[in-house]
Structures are given as structure tokens and as C-alpha cells.
Amino acid sequence: MTIQEIANTMIRGTPAIQFPLKLTLADWISDANDKHVLDVRGWGHLQYAENGKGEELQDGIAEWIVKSLNEAWEKENSK
């Protein structure tokens with residue numbers, strides 16, 4: 001599915017996701033209308049990271065997802 005297909009998906013006549021996305025809690029990704037879109041969870045394996053870096057890794061992955069999706073959306077809409 002392309003970023004444009006994601007942006008064009010409708011639920012009850014309104015867009016399912018409004019960009020840009022944002023991190024609202026440490027593991028919640030919300031859209032521009034504060035609708036909860038995605039949970040980022042990874043404590044299974046990440047809890048064993050050395051130096052207690054598991055939480056930092058999870059937060060970094062969530063930030064990367066938000067940044068990457070927003071950049072893809074911006075690139076698609078700048079054409």
C-alpha cells in the first residue's frame with residue numbers, strides 16, 4: 001500500500017488518517033486530529049538490551065516510524 005493509498009482510505013466518509021502524524025505518548029502514534037492510529041510495543045526482546053536501553057530503543061523506533069511516514073506523505077504531496 002502506498003502512502004497516498006493510506007491517506008486516501010476513508011472510514012464513514014472521512015479520511016482514516018490525517019497527516020502529519022505525531023507521537024502522543026511514548027508508544028502511541030496519533031494523527032493530526034489526535035485520533036489514535038498505532039501502538040508501538042517492543043518489550044518482548046528489547047527488555048534485555050544492555051545498559052537499560054530497551055525503552056530508548058522503543059522510543060527511537062516510534063520516532064523513526066512517525067518521521068518516515070510524514071516524510072513519505074510530504075514527498076508524495078509535493079509532486
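Author: Rings of Phe, Tyr and Trp, the last by its six-membered ring, pair if their centres lie within 6.5 Å. The model is a predicted one, and it holds 1 aromatic pair.

Reader: What makes the rings of Phe-19 and Trp-73 a pair, and why is the pair called stacked?

Author: The ring centres of Phe-19 and Trp-73 are 5.2 Å apart, and the cut-off is 6.5 Å, so the two rings pair. Their planes stand at 10°; planes under 30 degrees apart count as stacked, and therefore this pair is stacked.

Reader: Which parts of the chain does the pair link?

Author: It links distant parts, 54 residues apart: Phe-19 belongs to the loop between β2 (14-15) and β3, and Trp-73 to helix α3.

Reader: Why is Phe-19 called buried, and how is Trp-73 classed?

Author: Phe-19 has a relative accessible area of 8%; buried means under 20%, so the term applies to Phe-19. Trp-73 has 24% relative accessibility, which lies between the limits of 20% and 50%, so Trp-73 counts as partly exposed.

Reader: How do you know that β3 and β4 pair?

Author: At least two bridges are required, and 3 bridges join β3 to β4 (residues 28-30), so the two strands pair, running antiparallel.

Reader: What makes β3 and β5 edge strands?

Author: The open antiparallel sheet has the order β3-β4-β5, and β3 (22-25) and β5 (36-39) each pair on one side only. The twist averages 40° from one strand to the next.

Reader: Where does helix α3 lie?

Author: Helix α3 (residues 54-77) lies across β3, β4 and β5, at about 145° to β3.

Key
Residues are numbered from 1 along each chain as its sequence is written. This is a predicted model: local features need pLDDT of at least 70, side-chain atom pairs count only at pLDDT 80 or more; totals for chains, interfaces and linings use all residues. Side-chain values use heavy atoms; hydrogens and water are left out. Helices (H or I, at least four residues) and strands (E, at least two) are DSSP runs, numbered from the N terminus. Axes are lines fitted to C-alpha atoms, for helices over the stretch in contact, and angles run from 0 to 180 degrees between N-to-C directions. Contact means heavy atoms within 4.5 Å. Rings of Phe, Tyr and Trp (its six-membered ring) pair if their centres lie within 6.5 Å; planes under 30 degrees apart count as stacked, over 60 as edge-to-face and the rest as tilted. Buried means under 20% relative accessible area, exposed over 50%, partly exposed in between (1.4 Å probe, protein chains only).
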